[in-house]
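Open the model in your viewer and keep the selection tool at hand.

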Amino acid sequence: LGLAVSESAEGNFEKQSDEPILKRSSSWYDSDMIASPDIIKVGETYTMVYAGHCYENCQVPAGVRLLGATSTDLIHWEKHDEPVLEANPELPWMAAYVAEPSLLVANGKYYLFFTAFADWENTPPVIGLAEGDSPFGPWEINPEPILMATEDWERAWVGAPDVLLED
């Protein structure tokens with residue numbers, strides 16, 4: 001995962017380093033891929049939640065789950081030891097895996113929006129919601145998805161939420 005910065009809203013982003021700010025960890029939850037980071041600032045600390053992919057040579061259960069890291073400068077990150085959110089077989093709509101997080105802080109609570117899959121091959125993804133007292137959980141997961149494709153869409157896909165609270 002890299003970092004690029006722009007001085008203006010128009011863009012012209014410049015890569016900050018040839019080194020990544022967050023690297024995959026061998027045989028861990030993110031050993032195959034780091035994707036879809038979402039970062040919020042709480043106090044003086046930046047909190048990142050991202051999708052970690054591990055499919056082969058995993059010393060942990062294979063799959064896709066949400067992982068976390070913290071930083072005080074957006075360049076040096078410390079990964080959390082445990083996943084932020086994992087698939088939950090007790091909720092069929094998120095039994096296979098979770099990915100693509102979006103964090104929101106409101107009313108003293110953390111809200112985690114995410115893409116969830118019942119299974120990868122036969123069921124389109126949905127958007128789920130969890131609420132907690134910390135950006136790393138524990139989470140109270142809404143028992144039903146909050147957004148799903150309608151039946152009139154052919155091969156519909158709902159995923160990768162992004163949340164913004166104004167006023």
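**Stop 1: a serine side chain**

Select Ser27 and Asn57: a polar atom of the Ser27 side chain lies 3.2 Å from the backbone oxygen of Asn57. A polar contact here is a pair of N or O atoms within 3.5 Å; within protein, one must be able to donate a hydrogen and the other to accept it, and residues adjacent in sequence count only if both atoms are side-chain atoms. The model is predicted: local features need pLDDT of at least 70 and side-chain atom pairs count only at pLDDT 80 or more, while totals for chains, interfaces and linings use all residues. Residues are numbered from 1 along each chain as its sequence is written, and side-chain values use heavy atoms, with hydrogens and water left out.

Ser27 sits in the loop between β2 (14–15) and β3 (33–42). Strands (E, at least two residues) and helices (H or I, at least four) are DSSP runs, numbered from the N terminus. With a relative accessible area of 17%, Ser27 is buried; buried means under 20%, exposed over 50% and partly exposed in between (1.4 Å probe, protein chains only). Not counting residues up to four places away in sequence, Ser27 touches Asn57, Cys58, Gln59 and Val60, where contact means heavy atoms within 4.5 Å.

**Stop 2: the disulfide**

The link of Cys54 and Cys58 is left-handed, with -125 degrees about the S-S bond. Cys54 is buried at 0% relative accessibility, whereas Cys58, at 22%, is partly exposed.

**Stop 3: strand β9**

Select residues 126–132, strand β9. Six of its seven residues are buried, so the strand is largely enclosed by the rest of the structure. Which strands pair with it? Two strands pair if DSSP finds at least two bridges between them.

- β8 (residues 109–117) runs antiparallel to β9, joined by seven bridges; Phe114 stands opposite Gly128.
- β10 (residues 139–141) pairs with β9 in the antiparallel sense over three bridges; here Glu131 stands opposite Glu140.
- β11 (residues 147–148) is also antiparallel to β9, over two bridges, and Val126 stands opposite Met148.

In the hairpin of β9 and β10, six residues lie between the strands, and Gly137 takes a positive phi near 90 degrees.

**Stop 4: the nonpolar cores**

Now select Leu66, Leu112, Phe114 and Trp139, which have the most contacts inside the largest nonpolar core, a set of 22 residues. β4 (45–54), β5 (63–71), β7 (97–106), β8 and β9 each supply at least two residues of this core. Its largest share, five residues, comes from β8. Apart from this core lies another, of 12 residues, among them Leu22, Leu67, Ala69 and Trp77. A nonpolar core is a set of buried Ala, Val, Leu, Ile, Met, Phe, Trp, Tyr and Cys residues joined through side-chain atoms within 4.5 Å.

Return to Leu112 and show its surroundings: leaving aside neighbours within four places in sequence, its contacts include Val49, Leu66, Val84, Pro101, Leu129 and Trp139.

**Stop 5: the whole chain**

Zoom out and colour by secondary structure: the protein has zero helices and 11 strands. Of its 167 residues, 43% count as buried. The C-alpha trace spans about 45 × 45 × 35 Å along its principal axes.

Key:
A disulfide is a pair of cysteine sulfur atoms within 2.5 Å.
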